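Subject: Structure for your review

Dear colleague,

Please read them alongside the coordinates.

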Amino acid sequence: MRILILGGDGYLGWPTAMHLTTKGHEVAVVDNYLRRRLCREVNVDPLFEVPNLHQRCTIWESISGYQMPVFIGELTEWEFVKEVFRSFTPDAIVHYAEQPSAPYSMLNRRAASLTLQNNLTVTANVIFAVREYCPQAHSVKLGTMGEYGTPKIDIEEGWLEVEHKGRRHKFLYPRQAGSLYHTTKIMDTDLLWFYVRTWGLRVTDLMQGPVYGLFTDETDQNNRLLPFFNYDEIFGTVLNRFVVQAVAGYPLTVYGKGGQTRGYLNIRDTLNCVRLSLENPAEKGELRIFNQFTETFSVNALAKKVRAVGNSMGLRVQIEHVENPRIEAEEHYYNPTHTGLLELGLEPHYLTEDTLSRMIDFVMAHKGRIQNEQIFRKVKWA
Ligand code: USQ
């Protein structure tokens, strides 16, 4: 397949691009370096420098022989979108091109506005571009488990059959997000669902939980192919942060009571989930939704795992319950279904001691780069 990856420079976009080339697909990558720019704006750095997208593609080509066209520009601008879709007419699109951070979206009005404008305009532009240039193409959109929030009933995969006054109808599962970022993902889903109904698009919306890790079969071939690894409060996800905190001797920052439970997955599984979705496309006129995670943990459980493995490696890991800067339930029911991707053949990489110790080892080699002041800046929701 010819696959266009929007957000191909990101934490997940870049490893996905490499992975798909090794599975026989032709891949092009698009990015505007938004994440790099926002990191500079809020004064945080990933744990190590990564080459720019052109350089990454050159390194990957020299190792693998696969060549990926690169487009740098703003997907919020229709002229650029046209240029991309005309010169690389895709069979499938992977849409990662969004401001991905909940804390960033809660920083201030400007950050909120950027998140809204970027995320919704890019999604709308992708929809219009598919209709105009490749109406048969399958769009795989990265949504988030955070769209559902933490309701007191089981979370289904995207849809809920409702019985009301003796009649039944299937609706999108009720959504109630916990940040503006997560709310833009709900709005994306609504946009996609409208145009699936109206124009008969084929779409898969992947409701993904927080991702951890940085190693894939492709990154194992050269450290300069590794993805961004943020450990700061704004762009780092919780398990990656805990690993860096453990190495830095910084008490693990469990927010509040720590009973917040989410569905997590290894970065390797993200690549496999996206590939399986691409290789088994949604039907025309279908919005297919998968819940994309492999196991659920509370924040307390993650902290204890990192402490156990860290201590066995000679670190002295401590856990601290800090005041929760977010507004979220700290103890709640959580039972989401996640069978769709397993049925397509996903073989999960679970969070083992080996996985954690390899991450800790790697971070130890970069310990000198850790800046403690980036770890907890208290971006408050209220
Ligand atoms: N948390 C802590 N301590 C920390 C950092 C986080 O207790 O130092 C808690 C948070 O309060 C939250 C949970 O850990 O309850 C997960 O936080 P996170 O920062 O790892 O994840 P989140 O902000 O929800 O966002 C991340 C990605 C986002 C993706 C989402 C999936 O940044 O792009 O959509 O995970 S989900 O959380 O399922 O919505």
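The axes of α8 (residues 238-248) and α12 (residues 353-364) cross at roughly 55° and come within 9 Å, where axes are lines fitted to C-alpha atoms, for helices over the stretch in contact, and angles run from 0 to 180 degrees between N-to-C directions. Their crossing is right-handed, a term that applies if the near helix is turned clockwise from the far one by less than a right angle, with anticlockwise giving left-handed. On the α8 side the contact (heavy atoms within 4.5 Å) is made by L239, N240, V243, V244 and V247, and on the α12 side by L356, M359, I360, V363 and M364. By class, this contact has nine nonpolar residues, one polar and no charged, with Ala, Val, Leu, Ile, Met, Phe, Trp, Tyr, Cys and Pro counted as nonpolar, Asp, Glu, Lys and Arg as charged, and the others, Gly among them, as polar.

Before going further, please note that this is a predicted model, in which local features need pLDDT of at least 70 and side-chain atom pairs count only at pLDDT 80 or more, while totals for chains, interfaces and linings use all residues. Residues are numbered from 1 along each chain as its sequence is written, and side-chain values use heavy atoms, with hydrogens and water left out. Helices (H or I, at least four residues) and strands (E, at least two) are DSSP runs, numbered from the N terminus.

Helix α12 also packs with α10 (residues 299-312), at an angle of about 70° and with the axes 10 Å apart, which makes α10 roughly perpendicular to α12. This crossing is right-handed, and its contact joins K305, V306, V309 and G310 of α10 to E353, L356, S357 and I360 of α12. The classes here are four nonpolar, two polar and two charged residues.

For α4 (residues 78-87) and α6, the axes come within 10 Å and cross at roughly 45°, so the two helices are oblique to each other. Here α4 passes α6 in a right-handed crossing, and the contact involves W78, V81, K82, F85 and R86 of α4 together with N125, F128, A129, V130, E132 and Y133 of α6. Those residues divide into seven nonpolar, one polar and three charged.

On a 1 Å grid over the protein atoms alone, a cavity is a set of points where a 1.4 Å probe fits but cannot get out, a pocket is an open set with protein on both sides within 12 Å along at least five of seven lines, and lining residues have an atom within 4 Å of a point. Grid points are joined across faces, edges and corners, and a volume is the space filled by probe spheres set on the points. The largest cavity has a volume of about 30 Å³ and is lined by H95, T123, V126, S139, K141 and L192, with α6 (109-133) and β5 (138-144) each supplying at least two of the lining residues. The second largest pocket has a volume of about 190 Å³, and its lining divides into six nonpolar, no polar and six charged residues, among them R35, D45, F48 and F228.

Finally, Y33, in the loop between β2 (26-31) and α2 (34-41), has a positive phi of about 60° although it is not a glycine.

Best regards

How values were computed
Parallel < 35°, antiparallel > 145°, perpendicular 65-115°, else oblique.
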